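Let's walk through this model together, moving from the contact between chains to the details inside each one. Keep the viewer open as you read.

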Amino acid sequence: MRVTQISVFLENRPGRLANLLQVLSAAHINLRALSLADTADFGIARIIVDDTVAAMEAIRRAGLTAATTEVLRVEVPDVPGALETAIVMPLAQAGVNIEYLYAHSERPTDKAEVIMKVDRLDKAEQVLKGLANGA
Amino acid sequence: MPFYRQRFLEHGITPQSIRTLDDVTRLPFTCKRDFRDNYPLGLAAVPRERIVRIHASSGTTGKPTVVAYTAGDIETWTEVMARTITTGGVTRNDVVHNAYGYGLFTGGLGFHYGAERIGATVIPVSGGVTKRQIMLIQDLGSTVLCCTPSYALYLAETALEMGVDLRETALRVGIFGAEPWSERMRQEIEAKLGLLALDIYGLSEVIGPGVSVECEHQCGLHIFEDHFLAEIVDPATGQSLPYGQRGELVLTTLTKEALPVIRYRTGDITALDAAPCACGRTLVRMAKPSGRTDDMLIVRGINVFPSQIETILLQIEGVQPHYQIIVDRQHSLDDLEVWVEVSETVFADEIRGLEALERKIRDELHNGLGISARVRLVEPRSIQRSEGKAKRVVDRREVYNS
């Protein structure tokens with residue numbers, strides 16, 4: 001459930017994401033998920049990779065600014081309304097705030113996966129585990 | 001004055017050392033640093049009770065340069081500003097729109113007193129609220145515009161947006177200063193505003209505006225030599241240079257009481273011309289300044305030193321000393337942009353954290369510099385590193401004649 005996400009500071013101009021991707025591919029790092037957040041001048045690329053330690057090393061060596069964050073990886077049934085009823089509503093009811101959320105790409109199955117950053121990690125895990133066990 | 005006594009003693013200068021005007025060149029220089037080292041009023045030559053006014057401009061680091069005036073100094077300043085405005089052909093029949101900032105900055109009050117002295121009608125509009133300024137120029141029939149040259153162009157642009165052509169107003173003369181401007185900019189101002197654009201020079205360490213001004217022939221700025229002694233020196237060696245040669249302008253006040261300065265290094269590059277002017281004045285003329293000896297920037301009329309920006313940035317936790325200053329002119333107004341590298345000490349996963357950092361830097365710069373700057377967070381090492389002295393400033397404006 002809990003995974004380590006890498007956030008990379010990027011200037012909002014052409015070529016900066018390409019540069020990051022090059023750094024990762026040169027280190028033979030595979031991307032599991034990628035999300036981009038942006039403002040007018042800068043953005044943050046958030047990535048989940050197969051080897052976080054090696055990726056951080058490569059990113060730092062390339063002179064980029066990065067930080068790691070604990071996030072949740074959650075499976076969602078691939079049916080209408082599942083994200084709402086299986087994750088978002090229960091967390092909202094438990095008073096957990098989702099700061100951001102993006103989808104994870106996996107092999108085609110009947111499940112989808114989302115990555116999300118929440119304000120209260122333990123509580124969110126508890127809620128979601130409780131749901132899984134109860135089901 | 002303990003400061004000058006000490007300094008002269010160190011250089012072996014006694015009252016007997018000075019017998020002729022040429023002996024002035026034996027005196028040591030005074031520079032901006034001396035103001036900082038004697039902050040706030042260690043250079044004052046009179047007791048506090050004789051000081052009637054304080055003004056201030058930016059210093060090279062955190063503290064401003066503070067200057068003081070006695071009642072006699074205000075009288076002198078009013079006199080040289082009255083002359084300055086008169087040199088522009090302004091009389092009691094004129095309406096003077098004074099858009100220089102009123103406050104610690106010497107521009108606003110300097111022009112105000114001078115214009116009142118000659119009996120002109122003064123509109124003390126100060127800076128900002130540009131649309132209202134244009135309305136007042138139209139409604140009050142202003143004939144004289146006093147502001148920075150870049151603000152003059154900004155007024156013209158804003159007027160056009162409002163459907164107003166400033167050439168059709170009563171404006172006929174503009175006295176523009178507080179920042180360097182090129183001949184090309186003069187042509188643009190004269191074409192867009194339909195007035196005679198004159199350059200005025202001054203600095204608060206010496207008196208404020210009113211050291212020199214152009215006449216209608218626009219062939220150099222007449223220095224009021226009865227109050228200010230002008231010399232040109234080689235900025236590298238400090239050696240005096242003859243008239244006609246380009247170098248750093250050095251000024252000595254002859255009549256100042258509260259804060260006399262002796263051989264003050266202005267940092268402005270110019271040349272002197274003693275030939276009588278076509279206007280009939282015999283005062284020595286200085287060429288329009290063609291550059292600076294230091295890295296001082298003048299942005300929207302405010303002096304900005306890169307060292308000031310560095311001091312402010314380094315006081316913000318986690319900010320690295322890697323920054324670049326970009327000065328540009330957008331829509332006629334100077335635009336100051338500061339690029340700051342984002343290091344891991346300040347970087348977190350959240351956009352709002354970075355936006356908060358950006359805001360904090362912007363607020364601190366505004367507090368420290370007195371003007372607003374755009375802040376741009378950039379990736380580490382995206383600011384060019386150089387061997388030795390870093391190139392901190394990129395100035396894209398054409399403020400000096402090239």
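Two residues are in contact here if their C-beta atoms, placed from the backbone, lie within 7 Å. By that rule, 15 residues of chain A are in contact with 16 residues of chain B. This is a predicted model, in which local features need pLDDT of at least 70 and side-chain atom pairs count only at pLDDT 80 or more, while totals for chains, interfaces and linings use all residues. Residues are numbered from 1 along each chain as its sequence is written, and chains are lettered from A and ligands numbered from 1 in the order in which they are written.

Helices (H or I, at least four residues) and strands (E, at least two) are DSSP runs, numbered from the N terminus. Strands E1, E3 (42-49) and E4 (66-77) of chain A each supply at least two residues of the side that touches chain B, and the largest share, four residues, comes from E1(A). For residue classes, Ala, Val, Leu, Ile, Met, Phe, Trp, Tyr, Cys and Pro count as nonpolar, Asp, Glu, Lys and Arg as charged, and the others, Gly among them, as polar. On this side of chain A there are seven nonpolar, five polar and three charged residues.

Now look at chain A as a whole. Its four helices and six strands follow the pattern β-α-β-β-α-β-α-β-β-α along the sequence. Domain bounds come from an automatic or database domain assignment, which gives domain 1 (2-69) and domain 2 (70-134) for chain A. The centres of these two domains, taken over C-alpha atoms, are separated by 23 Å. Between them, 10 residues of domain 1 of chain A are in contact with 11 residues of domain 2 of chain A. Strand E1 (2-11) and strand E2 (31-38) of chain A each supply at least two residues of the domain 1 side of this contact.

Over in chain B, the place to start is a sheet. Strands of a sheet pair through backbone hydrogen bonds, either parallel or antiparallel. In this analysis two strands pair if DSSP finds at least two bridges between them. Nine strands of chain B form an open sheet in the order E4-E3-E5-E6-E7-E8-E9-E15-E14, with mixed pairing. Strand E4 (121-123) and strand E14 (272-273) of chain B stand at the edges with a single partner strand each, so one side of each has no neighbour in the sheet. Within the sheet, E7 (residues 196-203) and E8 (residues 208-214) of chain B run antiparallel and are joined by four bridges.

Which helices lie across these strands? For angles, axes are lines fitted to C-alpha atoms, for helices over the stretch in contact, and angles run from 0 to 180 degrees between N-to-C directions. Helix H4 (residues 106-117) of chain B lies across E3, E4, E5 and E8 of chain B, at about 65° to E8(B). Helix H7 (residues 183-193) of chain B lies across E6 and E7 of chain B, at about 130° to E7(B).

Finally, find helices H5 (residues 130-140) and H6 (residues 149-161) of chain B, which pack at an angle of about 85° with their axes 10 Å apart. Angles of 65 to 115 degrees count as roughly perpendicular, and H5(B) and H6(B) are therefore roughly perpendicular to each other. Among the residues that meet there are Thr130(B) and Ile134(B) in H5(B), and Tyr154(B) and Leu155(B) in H6(B).

Terms used. Angles under 35 degrees count as roughly parallel, over 145 as roughly antiparallel, 65 to 115 as roughly perpendicular and the rest as oblique.
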